Amino acid sequence: MVDYVVTGLSANSVSYSTALERQRALHAAVASGRAPDSVLLLEHPSVYTAGKRTEPHERPVGGDIPVIDVDRGGKITWHGPGQLVGYPIVRLADPIDVVAYVRRLEDLLLGVLDAFGIVGSRVAGRSGVWISRPGAPPDKIAAIGIRVADGVTMHGFSLNCSNDLEPYRAIVPCGIRDAGVTTMSRELGRVITPQDVVETVTARFASTLAPSLAHSQAVPA
């Protein structure tokens with residue numbers, strides 16, 4: 001069973017620090033067996049989060065958007081209104097395969113995009129989901145950055161739905177200079193909000209991620 005906690009969408013966005021505390025508390029509960037696998041789905045007010053591999057030159061210079069250092073993998077990225085953020089707090093099956101888990105998160109996001117008529121793709125050597133364009137660099141539409149402790153995941157993915165792309169101009173998104181960013185709304189030419197996407201994410205999550213989850217291996221008596 002996966003418990004989906006949909007909170008903080010649209011005008012009720014959740015600050016990154018508040019969401020991080022919720023993640024940590026939920027992680028402890030899942031790791032100890034006191035809570036089922038869970039997924040937080042929300043929006044944040046505008047914020048930069050810098051993963052452990054972020055270099056000084058990749059950070060923003062000036063501006064009013066806060067920068068928060070976090071314990072996930074990867075580099076710096078932006079979260080904000082119009083972007084759906086998902087934090088799966090789930091126990092991975094043994095032997096733990098972090099790369100396989102990331103690939104399945106990509107499968108989830110590729111399936112969500114496909115449901116809206118958007119053809120996403122992978123880029124070799126890079127995590128996340130991309131929009132490939134003939135003769136041009138790809139644009140990133142979804143980012144992934146995770147941490148695994150005590151066999152349970154934290155952090156997760158962000159999917160650009162209807163957000164402004166201007167904040168990305170102040171950073172080197174995910175440490176990648178030779179690619180751009182895009183949104184579902186931009187690709188479709190109509191507004192797609194995070195609320196529009198939540199149902200599709202929850203409908204596809206369990207089936208897509210099941211091979212990675214410990215509970216999926218349970219055999220009924």
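Strand β7 (residues 121–123) and strand β8 (residues 126–133) run antiparallel and are joined by 2 bridges. Strands here are DSSP runs of E with at least two residues, helices are runs of H or I with at least four, and both are numbered from the N terminus; two strands count as paired if DSSP finds at least two bridges between them. The model is predicted, and local features need pLDDT of at least 70, side-chain atom pairs count only at pLDDT 80 or more, and totals for chains, interfaces and linings use all residues. Residues are numbered from 1 along each chain as its sequence is written, while side-chain values use heavy atoms, with hydrogens and water left out.

Back to the hairpins. Ser121 has Trp130 in β8 as its bridge partner. The hairpin of β7 and β8 has 2 residues between the strands, and Gly125 takes a positive phi near 80 degrees there. From β8 the chain goes on to strand β9 (residues 136–149), again antiparallel, with 4 bridges joining the two. Arg133 is partnered by Ala136 in β9. This hairpin, too, has 2 residues between its strands, and Gly135 shows a positive phi near 75 degrees.

Elsewhere, 3 strands make up an open sheet with mixed pairing, in the order β4-β3-β5. Its edge strands, β4 (67–69) and β5, each pair on one side only. On average, neighbouring strands of this sheet are turned by 25 degrees against each other, direction ignored; the axes behind that value are lines fitted to C-alpha atoms (for helices over the stretch in contact), and angles run from 0 to 180 degrees between N-to-C directions. Strand β3 (residues 47–50) pairs with β5 in the antiparallel sense over 4 bridges, and Ala50 stands opposite Ile76 in β5.

The pairing of β1 and β2 is parallel and covers 5 bridges, with Val5 opposite Leu40 in β2. How many residues of β2 are buried? The count is 6 of its 6 residues, where buried means under 20% relative accessible area, exposed over 50%, and partly exposed in between (1.4 Å probe, protein chains only). Asp37, Val39 and Leu41 point one way from β2, Ser38, Leu40 and Leu42 point the other way, and all are buried. In a regular strand the side chains alternate between the two faces of the sheet.

Next comes helix α4 (residues 194–209), which bends by about 25 degrees at Val201; the bend is the angle between axes fitted to the seven residues ending at a residue and the seven starting there. Its buried residues are Pro194, Val197, Val198, Thr200, Val201, Phe205 and Leu209. They pack against β1 (2–6), β2 (37–42), β6 (83–89), α2 (98–115), β10 (152–160) and α3 (184–188), with contact meaning heavy atoms within 4.5 Å.

Rings of Phe, Tyr and Trp (its six-membered ring) pair if their centres lie within 6.5 Å, and planes under 30 degrees apart count as stacked, over 60 as edge-to-face and the rest as tilted. Tyr4 and Phe205 are edge-to-face, at 6.1 Å centre to centre and 85 degrees between the planes. Tyr4 lies in strand β1 and Phe205 in helix α4, so this pair ties together parts that are 201 residues apart in sequence. Tyr4 is partly exposed at 26% relative accessible area, whereas Phe205 is buried at 1%. The rings of Trp78 and Tyr168 have centres 5.6 Å apart and planes at 65 degrees, so that pair is edge-to-face. Trp78 sits in strand β5 (residues 76–79) and Tyr168 in the loop between β10 and β11 (180–181), so parts 90 residues apart in sequence are tied together. Trp78 is buried at 2%, and Tyr168 is buried at 7%.

What about the cores? A nonpolar core is a set of buried Ala, Val, Leu, Ile, Met, Phe, Trp, Tyr and Cys residues joined through side-chain atoms within 4.5 Å. The largest has 34 residues, of which Leu84, Ile141, Phe157, Leu159, Met184 and Val197 touch the most other members. Two or more residues each come from β2, α2, β8, β9, β10 and α4, and α2 gives the largest share, 8 residues. Beyond its neighbours within four places in sequence, Met184 is in contact with Leu113, Phe116, Ile118, Ile141, Leu159, Asn160, Cys161, Ile192 and Val197. A second, separate core of 15 residues includes Val30, Leu42, Tyr87 and Met154.
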